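Please look over the sequence and structure shown here before reading the briefing. The points that follow are grouped by topic.

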Amino acid sequence: MKHIIISLLLAACCASAHADVIGFDDLASSDTAVIADGYAGFNWTGVGVIGADAYPDSGYASGVVSGANVAFNHGGATVTISNAGGFDFVGAFFTSAWYEQELSFEGSRDGQLLYATDVSYVIDTIAPQWIELDWRGIDTLTIYNSSGTQWAMDAFTVPEPGTLALLGIAGVGWLVTRRRRHDACPVSRRSSGSRP
Amino acid sequence: MHHTLSCLGTWAVLSSALLPSLAAAQAAPAPIVFQNAAVHDPSVIKVGDMFYVFGSHLAAAKSRDLMKWQQISEGVSASNPLFLNGASNVFTELAETFDWAQSTTLWAADVKRMPDGKFYMYYNACKGDSPRSALGIAVSNNIEGPYVDKGIILKSGMWGQPSHDGTIYDALKHPNAVDPHVFSDNAGKLWMIYGSYSGGIFIMAMNPATGMPLPGQGYGKRLMGGNHARIEGAYVMYSPATSHYYLFTSFGGLDSTGGYNMRVARSLNPDGPYVDAQGNDMAGVRSDPTKPLFDDASIAPYGVKLMGSFLFERKLGDTGAGIGTGYVSPGHNSAYVDPASGKHFLIFHARFPERGEQHEIRTHQLFMNADGWPVVAPRRYTGETLGAVRREFVQGDYMLVNHGKDISAAIKKSQHIALNADGTITGAVAGSWLLTGSNGIEIRLPGASPYKGVFVNGWDETAKAYVMTFSALSREGVALFGSRLLPRTEAQTVNAVAAELSLGNTSAVTANLALPTSGTRGATITWTSSNPAVISNTGVVTSLSSGDVNVTLTARIAKGSTVVIKTFVVTVRRAGGLLAHYTFDGSLADAGGIFAAGSVTGNRIDAPGGSIAYEAGVKGRAAVFNGASGVRLPNGLIASHNYSVALWLKPAALTAFSTTFFGARTTESWVSLLPMGHAGVGGASMLWSGTAWYDAGLGLNIPIGRWSHVAFTVRNGALNVYVDGSKRFAGTGFPNVFTNTSGVFALGVNWWDAPYQGAMDDLRIYGSALSDADIAALVRQ
């Protein structure tokens, strides 16, 4: 019940501030289709959507934070998510689909690298991990993975400018909920490699 | 059970893990599946989309993906399909060869498709204890045979007689006519390289129209070796990536204690001269004739050593199970360069730690380093492709194997190092590292020139995960393998070590305890005993004759500044006494009350179900095994190399391999008491140990329907086996199986074979080797 309440609070907060927490639940699950450019205002390169029930024993199933779907990297490859007008990337939940692996990220604007993680984030197949970067003013987010296999992403959080602080409060509540739900300890780690 | 006693068995390993590859589905990659086959000295040829390997003993196998191998043939027999052709078979076809070589088997074969479209098998046979050999050609329209003999093209070992070059055969300088590899050079010219030990490795120009040597060459040109230097298994690969010819050979002896290792030299010309990375002309590499036979020391410094015996050792706290992944005496390779992808493959046979002489085919990729020398992917091929790597995915903790330059039976175990973000290397070695280009690595360690190689993802068979690896070579011809461990904090590390740290069954300890002193990633474990006089801080156990003693052992597990403590209560049994006594008087309880009661299993050691009945026995009642059930005994019943097992048996039927008393450290290391053994002991009752095979045949079968007392005693490898108090076998070198307190024990069942059918009574296990008189007394009781 507490999880539902906090989730509703998060949704309300985001809605009132015109922030987006993209859950991919309004898209059809598919092993093969990629997300069409323009969905939620972004271009999605190499990103698909799949239902939690598509592979019950996989990280797709354990990686669902809200609704029934997660996004995933097609063929286990690197993906990019872009918006020519620019956006702020707060973070997202990630789960490895098939076995433990690592992620790293880059954020760029107009082809110039603005941010890069210089450490990796280990994700497993058991529980989603919230990875928070708080990168502002990028137009392209690139997500690399170490193993060449698939990961699941949910609650891709990209608020409108000015809502980051508010969203951060709600995000903490969400994290508490997630920790209790999965009896695990999601780690929020700031990138230490931001570049001016 | 592994009914093949030698190295010719087929062994399948299936992994439930998943493969990332270009062929993977978008959302769910195909599972990694290995299917293994045994072909010693595998020489590869690709026909269509199928890889074939041909090797010694007329073994062959095929695979489309270099991961799943299907055995085509094994063993030189009249039914071997490679030569079976109506009334003809290998013995009739190659009768002259067998006659000359005074042998009934064949050594490493090589098959090449000639311009006439036919497949030419270069077969060879050797007497073995001397280089008396014959090498010939058999031809087939089909890669899988049947092959028809075309005749012998070379002989060796003609003592006192003129050899092919007109001089009297001299094994110090003339070759042993075995182990051929026939190849076309970049200009289309045909060559055959061959030889083993004796006078060295030779090359001859061949006629592509006939497959025969061109006339007037004698034995051809010597490229390396001589004076019985232990060099063999020559194979030449041309790499379009570097425009060099690479001559692979294996140094050392092929068996599990021979120190076999693969080396390479290169040349711009197919017939040499071949040089190593230091520029040494391999023609000068040979043994010193003034030294004892098989002088390895004179040849060990030369050639670029690509791989020897090694183990990526799984440490406490690491992911997965078992001892880790590695090879023993890997060698006698062939190679293949895929013209479409440019991938280079190394295909060889390998033995394995704790698996004796059993061997299987293995394929690893080769990559050219910055200096044009091939480095071997540390992990078995699973479809990976060399690509750009990111720095955050390559820095961190690694298992490091340094293959060195020696020819040694020692298995090089991995050590923990860290490739740090600041470019330093810390841990077991200190130095520095660089990520060069998109996937290159350069490692600098004191006392060696830079090691140059590549980073590449690989499949960790132990962790069942895809991991970053590196492979690099120094100018001195020394190879480094690295296999990365996923990032962990100090707390995660020590907690993982603590979670796994176990001393097994500590309720009845009779022998020294192996107290681990290290865990994963350099974690240290230090021990403190509450009673060092009974168990020392290093695990030395001193049993007291006065009775059992409880001791508390405290383990301090540390990584950096993080420490966790774990304690164990250990009961040290009275010296030399009866450890366990299962009387089967209506239950499976230990009469001494020390060990837990046995539990009923189904038809395998870990199968549910089953039932055990009881009937009148030798003493009181006895357990009745119905042929579909067994009994699982507590782990750790025996934990030393000094013990005795005695019991009464009344079989209701005799079936080969059905066990009565079974104990195992792992599925590869076990002891089994069989009323009916394998054909190697004539089907007699036996005590058997695998897979470091040991056959203790008793020369009789215990009778059906009548009680027999069977006992065996082990004292540091000295084995005695008794039937009804009479010693039926005495031997030494019995494998040390029960090296820890986690051994698995069962009655009537194992993991593989039909369960025992019959009765069993009065099982006694002692913590020492009883005397002949002690055993006789048990029979009289």
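Predicted model: local features only at pLDDT ≥ 70, side-chain atom pairs only at ≥ 80, totals over all residues.

**Briefing on chain B**

In chain B, six strands form an open sheet with mixed pairing, and their order is β23-β22-β21-β20-β19-β25.

**The open sheet**

**Domains of chain B**

- The domain assignment divides chain B into domain 1 (72-309 + 335-376), domain 2 (391-484), domain 3 (490-572) and domain 4 (578-780).
- Taken over C-alpha atoms, the centres of domain 3 and domain 4 of chain B are separated by 30 Å.
- In the contact of these two domains, domain 3 of chain B takes part with 11 residues and domain 4 of chain B with 14 residues.
- On the side of domain 3 of chain B that touches domain 4 of chain B, 5 residues are nonpolar and 6 are polar, while no charged residues are found there.

**Nonpolar cores**

- The largest nonpolar core has 137 residues, of which B:Val53, B:Ala60, B:Met121, B:Leu135, B:Leu247 and B:Leu473 touch the most other members.
- This core lies between domain 1 (72-309 + 335-376) and domain 2 (391-484) of chain B, because both domains give residues to it.
- Leaving aside residues up to four places away in sequence, B:Met121 touches B:Phe54, B:Ala109, B:Val111, B:Ile137, B:Ala138 and B:Tyr147.
- Another core, of 81 residues, lies apart from this one, and among its residues are B:Met686, B:Val710, B:Phe712 and B:Phe738.
- As general background, nonpolar side chains tend to be buried together in soluble globular proteins.

**Contact between chain B and chain A**

- Chain B brings 19 residues to the contact, and chain A brings 26 residues.
- On the side of chain B that touches chain A, at least two residues are supplied by each of β1 (12-18), α3 (391-394) and β31 (465-473) of chain B.
- The largest share of that side of chain B, 3 residues, comes from β31(B).
- Sorted by class, the side of chain B that touches chain A holds 14 nonpolar, 2 polar and 3 charged residues.

Technical notes: Residues numbered from 1 in each chain as written. Chains lettered and ligands numbered in written order. Contact = placed C-beta atoms within 7 Å. Helix = DSSP H or I, 4+ residues; strand = E, 2+ residues; numbered from the N terminus. Nonpolar A, V, L, I, M, F, W, Y, C, P; charged D, E, K, R; others polar. Core = buried A, V, L, I, M, F, W, Y, C linked by C-beta atoms within 7 Å. Buried ≥ 20, exposed ≤ 12 C-beta atoms within 10 Å, placed from the backbone. Domains from an automatic or database assignment. Pairing = 2+ DSSP bridges.
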